[in-house]
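Today I looked up charged side-chain pairs. I wanted to see where they sit and how they connect.

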Amino acid sequence: MGIGEAAQSGSTPSLARRRGTQQKAFMATLLLAAMLAGCTRPTGDFDRARPSIVHDDLMPAVGNEAARLRGDPVSKFNYTNDEKLLRKRGWTLIRPPWTKDWIGGTMVELSRTRILPETEGRVPPDLYLIYLRSDKFQSSDARYDKIASDAKGDAELVMPFCEVALRVQKADNERLRVLKSKPVTTEETYEGAKARVWENRVMIKWVGQALRYRIIAYKKALDGLEIETPTRDRVWKVNNAIRELEGQVRIAESGCDLSKRRAQDETVKRSRIFTGWGTERAPVQK
């Protein structure tokens with residue numbers, strides 16, 4: 001065996017060992033990040049996210065590597081102001097409706113930092129009713145009011161999120177147009193641009209999915225309370241708030257296409273009083 005062959009044969013196990021060591025180190029880091037995520041993302045006033053080195057730096061770094069191993073696109077581009085705002089406003093809609101939900105909060109945080117695929121950050125809908133049954137609420141009516149308040153609050157947050165989402169989508173379209181019309185210096189720039197567009201689209205899709213799961217949680221909670229603590233004057237209020245949220249969620253699920261909302265608003269039921277009584281269809285022939 002020649003010197004070159006011996007060196008080559010000796011380098012192969014060494015390379016395999018290095019790769020194995022790197023994978024073990026990554027898995028250990030991944031496990032550490034998962035344990036740290038168990039604390040969920042820290043919040044401050046009005047349940048706003050607080051800055052955190054673990055949740056803002058360490059876990060996203062681990063998550064980006066996990067996404068690469070899954071084959072998901074990962075961009076190294078800096079975020080635009082709107083892309084940052086998109087994620088901040090989106091976080092308030094993908095996190096559990098009860099911010100002290102340890103299980104749901106952990107799942108969302110693992111997905112937000114990409115340690116798990118984004119669209120797998122589903123909050124178990126049964127946990128919301130468990131929260132409402134806690135001793136935090138001394139009045140049965142207060143539990144109904146909490147559902148209505150949460151649903152109404154979610155509905156009010158959808159349009160501000162969509163306004164930013166539309167600006168991000170417009171910027172992404174311009175980004176893709178430039179990619180086609182101008183020569184790109186490096187493959188990294190080309191792949192980074194496409195990856196960022198993919199990341200933005202996934203974020204917008206995730207918000208629609210998360211809101212749909214919130215509706216399921218609110219409906220399950222209402223069904224449970226109607227049996228456990230019946231009331232005469234609160235069910236309508238809750239159902240009305242959920243219906244309002246459902247209308248906003250349909251917009252979010254459509255990628256924040258506001259034209260669909262305008263089409264819904266412009267749809268008016270036909271009235272026989274104002275369109276001619278008995279003239280809308282031919283008379284019955286005897």
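I took buried to mean under 20% relative accessible area, exposed over 50%, and partly exposed in between. The model I used is a predicted one.

Entry 1. I started with arginine 175. Its relative accessible area is 18%, so I logged arginine 175 as buried, given the cut-off of under 20%. Then I looked for its partner. Glutamate 83 makes a salt bridge with arginine 175, with the closest N and O atoms 3.3 Å apart. Glutamate 83 belongs to helix H3 and arginine 175 to helix H6, so this pair ties together parts 92 residues apart in sequence. Glutamate 83 has a relative accessible area of 2%, so I noted it as buried.

Entry 2. I checked glutamate 83 for another contact. Arginine 196 also forms a salt bridge with glutamate 83, the closest N and O atoms being 3.3 Å apart. Arginine 196 is in helix H7 (residues 187-228) and glutamate 83 in helix H3, 113 residues apart. Arginine 196 is buried, at 1% relative accessibility.

Entry 3. I turned to arginine 167. It meets aspartate 82 in a salt bridge, 3.0 Å from N to O. Arginine 167 sits in helix H6 (residues 140-181) and aspartate 82 in helix H3 (residues 81-94), 85 residues apart. Arginine 167 is partly exposed at 39% relative accessibility. Aspartate 82 is partly exposed too, with a relative accessible area of 24%.

Entry 4. I noted the total: 20 salt bridges.

Notes: Residues numbered from 1 in each chain as written. Predicted model: local features only at pLDDT ≥ 70, side-chain atom pairs only at ≥ 80, totals over all residues. Heavy atoms only, no water. Salt bridge = Lys/Arg side-chain N within 4 Å of Asp/Glu carboxyl O. Helix = DSSP H or I, 4+ residues; strand = E, 2+ residues; numbered from the N terminus. Buried < 20%, exposed > 50% of the residue type's maximum accessible area, 1.4 Å probe, protein only.
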